[in-house]
Protein chains: 2
Amino acid sequence: MDGPLTATAPAVDGGKKSRKGEQTRAQILETALTLFRERGYEDTTMRAIAEAAGVSVGNAYYYFRSKEHLIQAFYARTHEEHLEACREVLAREVGLRDRLLAVMRAKLDTIMPYHRFSGILFKTAADPESPLNPFSEESLPVRQQSTALFAEVLEGSNVRLSADMMAELPNLLWTYHMGIVLFWIHDRSPGCARSYRFMEQSVKLVVRLISLAQIPVLRPLFREILKVVAELRNREGTEGNPSTMGT
Amino acid sequence: MDGPLTATAPAVDGGKKSRKGEQTRAQILETALTLFRERGYEDTTMRAIAEAAGVSVGNAYYYFRSKEHLIQAFYARTHEEHLEACREVLAREVGLRDRLLAVMRAKLDTIMPYHRFSGILFKTAADPESPLNPFSEESLPVRQQSTALFAEVLEGSNVRLSADMMAELPNLLWTYHMGIVLFWIHDRSPGCARSYRFMEQSVKLVVRLISLAQIPVLRPLFREILKVVAELRNREGTEGNPSTMGT
DNA sequence: CCTTCTTGTTGAACGCGTTCAAATCGGCGC
DNA sequence: GCGCCGATTTGAACGCGTTCAACAAGAAGG
């Protein structure tokens, strides 16, 4: 009953075993992502994925609990690509606006090939019962990695922030970046030009707000905002979930 | 081929015809909403709805294009209940904070009975292809009505706002209210107490921000914010869609 | 070689949302 | 009465995601 489903990311397990199954798993994932890119999500059936990958339907389900779980693999995949695309700029640039701009632009560039099928991504992501829900247990690793990226955007810049800001701002930026992606998903303009424009304008605004938050007169206001945002963040709340306390 | 599907809202058509079908339609909708409330969305099958309503499956599809379209009817229904629940307070109260508080509280109260099945609501609502997408053509009437409610919240208050604020703020408040609902959907605390608390705190913050926007020094900043928000709003963009130009 | 256990693989079958050709109903002219 | 036509209703059928009992392939020990 305990299949290979425990290890979601290919690189997480020991790396030594390299069981026969790892090949099959990779084969299925690769086929699925290709078909998603070509035909979109809805028009790609599990039967088609299995056939194109040269396995049976049941076998695909041996490695991926559901069709949705294939998306989670997509999540992890594009996130890694995004990280790679950012690395160089983040090591060089120190201006906060340019850092954030570069990261956001890289994000859009990374997910662009998947624009056709990305609709379904947020569709299932918004379902509180779905494992793809950005707040779910299962997607916590990717979310934490992504939030860490925004922490790095801030820390590597020449802008000094107060401690309470530094604690909450990465999460806020992550939320902001989700909002941009949401806009992008609905964007039907050629080349998603509107998304890029909207992103650039809003990045300027965000950076301006951040610098405003450092002005002493406005501190009480921003402190209150942070308080409300913190309330928003720990959704599990009184249930006492220790897993979200760390970091 | 042109069935009764053209008239989505029951009160929209002439009201005179009252064809046989209107009864059947109402019967199906009532049954569906009841089952949704009792078992949730996923566990309520179209076959079960049809059987409980005393019709065939195909007949249900004659009146509702899909299972999702039953949700749109739910949208319209709860919106009317919300309006009704607000009417009295909005006629009496003039303080902006209390007006907004009352409206938001009424919103949560109205949708509370549907908390179990509301997850799917946003799930499909986030899909850009879905007719339930809040930005879609099909849900435009409800959205406009809802936005109008927030315009009334502002206009009936003793707070005077500049014209550009008055033009954009209702849309912003509508977006804010969607955010609260999104929080509520994910809220698993007993009685959704966290949602109410979060709503109250954020309402205070929102009102405070609105009054800040009236301070001359900060006007340029808020004007820029409004500009970006306006960019966000007309998504159809360069396609030249005249239907969203009105009002 | 035979057993035993885990890992990997199969394809038929289930329940679902949805479709559609065909049947039925209801009013209106004759 | 009969014929007609649009509105309504039916239920079998399709394709989908998913499940599961059964089977095959290795690996390990005797």
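This is a predicted model: local features need pLDDT of at least 70, side-chain atom pairs count only at pLDDT 80 or more; totals for chains, interfaces and linings use all residues.
Residues are numbered from 1 along each chain as its sequence is written, and chains are lettered from A in the order in which they are written. Local features need pLDDT of at least 70, side-chain atom pairs count only at pLDDT 80 or more, totals for chains, interfaces and linings use all residues, and side-chain values use heavy atoms, without hydrogens or water.

Start with two helices of chain A. Helices here are DSSP runs (H or I, at least four residues), numbered from the N terminus. Helix 4 of chain A spans residues 67-92, and helix 7 of chain A spans residues 140-155. Their axes come within 12 Å and cross at roughly 10°. Axes are lines fitted to C-alpha atoms over the stretch in contact, and angles run from 0 to 180 degrees between N-to-C directions. The two helices are therefore roughly parallel, a term for angles under 35 degrees.

Which residues of helix 4 of chain A meet helix 7 of chain A? They are A:His79, A:His82, A:Leu83 and A:Leu90. Contact means heavy atoms within 4.5 Å. The contact residues divide into five nonpolar, four polar and one charged. Ala, Val, Leu, Ile, Met, Phe, Trp, Tyr, Cys and Pro count as nonpolar, Asp, Glu, Lys and Arg as charged, and the others, Gly among them, as polar.

Now turn to charge. Side chains of opposite charge can pair when their charged atoms come close. A salt bridge puts a side-chain nitrogen of Lys or Arg within 4 Å of a carboxyl oxygen of Asp or Glu. The structure holds 16 of them over all chains.

One joins A:Asp164 and A:Arg219, with the closest N and O atoms 3.3 Å apart. A:Asp164 lies in helix 8 of chain A and A:Arg219 in helix 10 of chain A, so the pair ties together parts 55 residues apart in sequence. A:Asp164 is partly exposed at 27% relative accessibility, while A:Arg219 is buried at 15%. Buried means under 20% relative accessible area, exposed over 50%, and partly exposed in between (1.4 Å probe, protein chains only).

Another salt bridge links A:Glu231 to B:Arg197, at 3.4 Å between the closest N and O atoms. This pair crosses between chains, from helix 10 of chain A to helix 9 of chain B. A:Glu231 is buried at 14%, and B:Arg197 is partly exposed at 37%.

Notes: Angles under 35 degrees count as roughly parallel, over 145 as roughly antiparallel, 65 to 115 as roughly perpendicular and the rest as oblique.
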